[in-house]
Amino acid sequence: MTRLSPRTYDRRVLIAMSIYVVLMICVWPLARNAANIPLKLVYALTPVVPLLYTVWLMARRILGSDELEQRTHLIGIGVGAAVTSVFSIVTGFLAAAKVFDLETTSIFLIWIFPLLMLSYGIGRALAARRYGLGACDDDSDGMPSYIRFMYASGIFCVVAAIAYFYSGDERITSFALGMASSLVTGAVFFGVRRWLRRRKAQ
Amino acid sequence: MNNHLRELREQRGWSQGDLAERLDVSRQTVNAIETSKYDPSLPLAFRIAKLFRQQIEQIFEP
């Protein structure tokens with residue numbers, strides 16, 4: 001399979017996940033008040049499309065990677081599977097004991113995929129660091145981390161603006177703004193680290 | 001495991017990227033092998049040996 005360059009992979013995943021976030025906040029809530037079942041299905045499942053594309057991109061990247069990269073992916077997937085499994089079973093036990101209602105449980109279920117992606121990314125970054133690969137940081141050939149974080153922050157700002165001006169939903173607006181500010185903090189951290197490393201290298 | 005990959009590469013005037021392309025691996029993997037942070041699999045070690053026309057044990061030392 002053709003090797004996907006880190007820059008191309010980063011760009012495509014960012015675009016897909018941006019579309020996912022926008023769909024989750026702008027389209028998915030429409031499912032509750034949809035007039036009929038087919039429309040409800042369309043609204044509820046539309047965000048799955050960019051997720052499937054992301055999964056396909058990941059599969060393509062892993063299949064096209066070399067043996068060391070495959071090892072780091074395997075470690076990342078192992079960490080992701082462990083974290084997600086524990087999260088799922090704890091949530092399942094609590095839901096079965098009726099600590100949460102059905103709606104809260106469904107919200108937890110929605111967070112399983114993002115949690116898997118996050119823990120996979122952290123696991124892979126740690127494994128890559130052990131081999132001196134510098135995945136997810138500025139030594140890699142992909143997009144610099146501070147740009148990645150700034151881009152994601154921009155997406156959440158757009159979502160906050162849409163939620164504030166069109167739907168007036170304060171809960172979504174505050175959530176999106178909180179995410180945006182956290183991501184800006186991350187961008188500043190990675191930006192300063194990059195600048196310090198470059199200054200040290202000179 | 002120590003190895004002489006960097007010397008062999010530099011003797012030929014190749015960059016890590018050039019060697020990575022010849023071995024069909026990433027530049028970072030070449031760097032990890034050169035710095036002894038990663039020991040390559042047997043098939044990759046054979047590819048390296050074949051590329052430099054040497055025995056595996058001449059390139060890699062336990």
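Helices are DSSP runs of H or I with at least four residues, numbered from the N terminus. In this predicted model, A:Val27 lies in the loop between two such runs of chain A, α1 (6–26) and α2 (37–45). A:Val27 counts as partly exposed, because 15 C-beta neighbours fall inside 10 Å, a count between the limit of 12 or fewer for exposed residues and that of 20 or more for buried ones. Contacts of A:Val27 beyond four places in sequence are with A:Tyr43, A:Thr46 and A:Pro47. A:Ala44 is 17 residues away from A:Val27 in sequence. The C-alpha atoms of A:Val27 and A:Ala44 are 7.7 Å apart.

Chain A contains eight helices and zero strands. Its elements run α-α-α-α-α-α-α-α from the N terminus on. Of its 202 residues, 19% count as buried. Contacts between residues at least 6 apart in sequence were also examined in chain A, and 69% of these join residues at least 24 apart.

Helix α8 of chain A covers residues 170–201. Its 32 residues should span 46 Å at 1.5 Å a residue. Buried positions in α8(A) are A:Ala176, A:Leu183, A:Ala187 and A:Phe190. An α-helix has 3.6 residues a turn, so residues three or four places apart point the same way. The cover over the buried residues of α8(A) includes α7 (145–167) of chain A.

Chain B has five helices and two strands. Along the sequence the pattern is β-α-α-α-α-α-β. Chain B has 62 residues, and buried residues make up 26% of them. For contacts in chain B with a separation of 6 or more, 52% involve residues 24 or more positions apart.

Within chain B, α2(B) packs on α3(B) at an angle of about 105 degrees. The two axes are 8 Å apart. Roughly perpendicular angles run from 65 to 115 degrees, and α2(B) and α3(B) are therefore roughly perpendicular to each other. On the α2(B) side, the contact is made by B:Gln16, B:Gly17, B:Leu19 and B:Ala20. On the α3(B) side, B:Arg27, B:Thr29, B:Val30 and B:Asn31 take part. By class, the residues of this contact are three nonpolar, four polar and one charged.

Backbone geometry was then considered in the loops of chain B. Most residues other than glycine have a negative phi. B:Asp24 has a positive phi near 60 degrees and is not a glycine. B:Asp24 sits in the loop between α2 (16–23) and α3 (27–34) of chain B. B:Asp24 is exposed, because 10 other C-beta atoms lie within 10 Å. B:Arg53 also has a positive phi, of about 55 degrees, although it is not a glycine. Its place is the loop between α4 (42–52) and α5 (56–59) of chain B. B:Arg53 is exposed, because 8 other C-beta atoms lie within 10 Å.

The two chains touch each other. Seven residues of chain A are in contact with 11 residues of chain B. The chain A side of this contact has three nonpolar, one polar and three charged residues.

Technical notes: Residues are numbered from 1 along each chain as its sequence is written. Chains are lettered from A and ligands numbered from 1 in the order in which they are written. This is a predicted model: local features need pLDDT of at least 70, side-chain atom pairs count only at pLDDT 80 or more; totals for chains, interfaces and linings use all residues. Two residues are in contact if their C-beta atoms, placed from the backbone, lie within 7 Å. The expected span of a helix is 1.5 Å times one less than its number of residues. Ala, Val, Leu, Ile, Met, Phe, Trp, Tyr, Cys and Pro count as nonpolar, Asp, Glu, Lys and Arg as charged, and the others, Gly among them, as polar. Axes are lines fitted to C-alpha atoms, for helices over the stretch in contact, and angles run from 0 to 180 degrees between N-to-C directions. Angles under 35 degrees count as roughly parallel, over 145 as roughly antiparallel, 65 to 115 as roughly perpendicular and the rest as oblique.
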